[in-house]
Amino acid sequence: MVRKHAKKLLEQALMTLLEESSLDKVDVRELAKQAGLSRQTFYYNFKNKQDMIDWIFKKNNEKAKQSFQETYSLHDYILTTLNTIAQNRQFYANVLLGDYQKDVSPGPFEQGIISSIQEIELHSNLGRMSTEQWDSLIFFAFGAKGMVMHWLTDNMRVNAEAMTGIILANIPTTLKDYIDNSRK
């Protein structure tokens, strides 16, 4: 329980620091000091700052995964994710828009969408997705992230429900057909 408390304190400290600075300018020493903990406590809980960011993503994504598993609805997954992003705007603006990911492999946001659709595939009466459907899924996941990044930089001019509708309206037809027909 003590470890969980330390992680929560570090998370709160990071959110506070992100109100004044960008993620790349926050160092572990400053983070631990803000949390009222030692650097050793930080390293006891996380390998590095990236490990902490991944933990926050995973923790925040649990609610969306749970929502999805109750309904198998991509709409519910994306809406829950966007509501979480809206509640933690500074963190996500720094992480999604910053230098958080320099490679092109799917990050936590894209992986959440991919995993959700793979879960649909697992329970589908249609069998596995075709190569075209899989490629459409990857395209959609990265495109959805781009749309969310634009939403963040555009001061979230529409609410999470409207943005979910916009994202889902742009799902490739081959992938949409697979998802829709998997439920029948």
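View 1. The model shown here and in the following views is predicted.

View 2. K7 is part of helix α1. The residue is buried but has no salt bridge. The nearest side chain of opposite charge belongs to D51, at 6.8 Å. Leaving aside residues up to four places away in sequence, K7 touches N45, F46 and W55.

**View 3. The salt bridge between K8 and E11.** E11 pairs with K8 in a salt bridge whose closest N and O atoms are 3.6 Å apart. The two residues are three positions apart in helix α1, so about one helical turn separates E11 from K8. E11 has a relative accessible area of 5% and is therefore buried, whereas K8 is partly exposed because its relative accessibility is 40%. A network of salt bridges links K8 and E11 with K59.

**View 4. The salt bridge between D154 and R157.** In the salt bridge formed by R157 and D154, the closest N and O atoms lie 3.4 Å apart. R157 counts as exposed, with a relative accessibility of 66%.

**View 5. The salt bridge between K176 and D180 in helix α10.** D180 forms a salt bridge with K176, and 2.8 Å separates the closest N and O atoms. Both residues belong to helix α10 (residues 173-182), where they are four residues apart, about one turn of the helix. D180 is partly exposed, with a relative accessible area of 28%. K176 is also classed as partly exposed, its relative accessibility being 37%. Across the whole structure, a search finds six salt bridges, among them the pair D180 and K176.

**View 6. I138 in helix α8 and its spacing from E110.** I138 is located in helix α8, which spans residues 131-153. With a relative accessible area of 25%, I138 is partly exposed. In sequence, I138 and E110 are 28 residues apart, while their C-alpha atoms are 8.0 Å apart in space.

Note on methods:
Residues are numbered from 1 along each chain as its sequence is written. This is a predicted model: local features need pLDDT of at least 70, side-chain atom pairs count only at pLDDT 80 or more; totals for chains, interfaces and linings use all residues. Side-chain values use heavy atoms; hydrogens and water are left out. Buried means under 20% relative accessible area, exposed over 50%, partly exposed in between (1.4 Å probe, protein chains only). Lys and Arg count as positive and Asp and Glu as negative; His and the chain ends are not counted. A salt bridge is a side-chain nitrogen of Lys or Arg within 4 Å of a carboxyl oxygen of Asp or Glu. Contact means heavy atoms within 4.5 Å.
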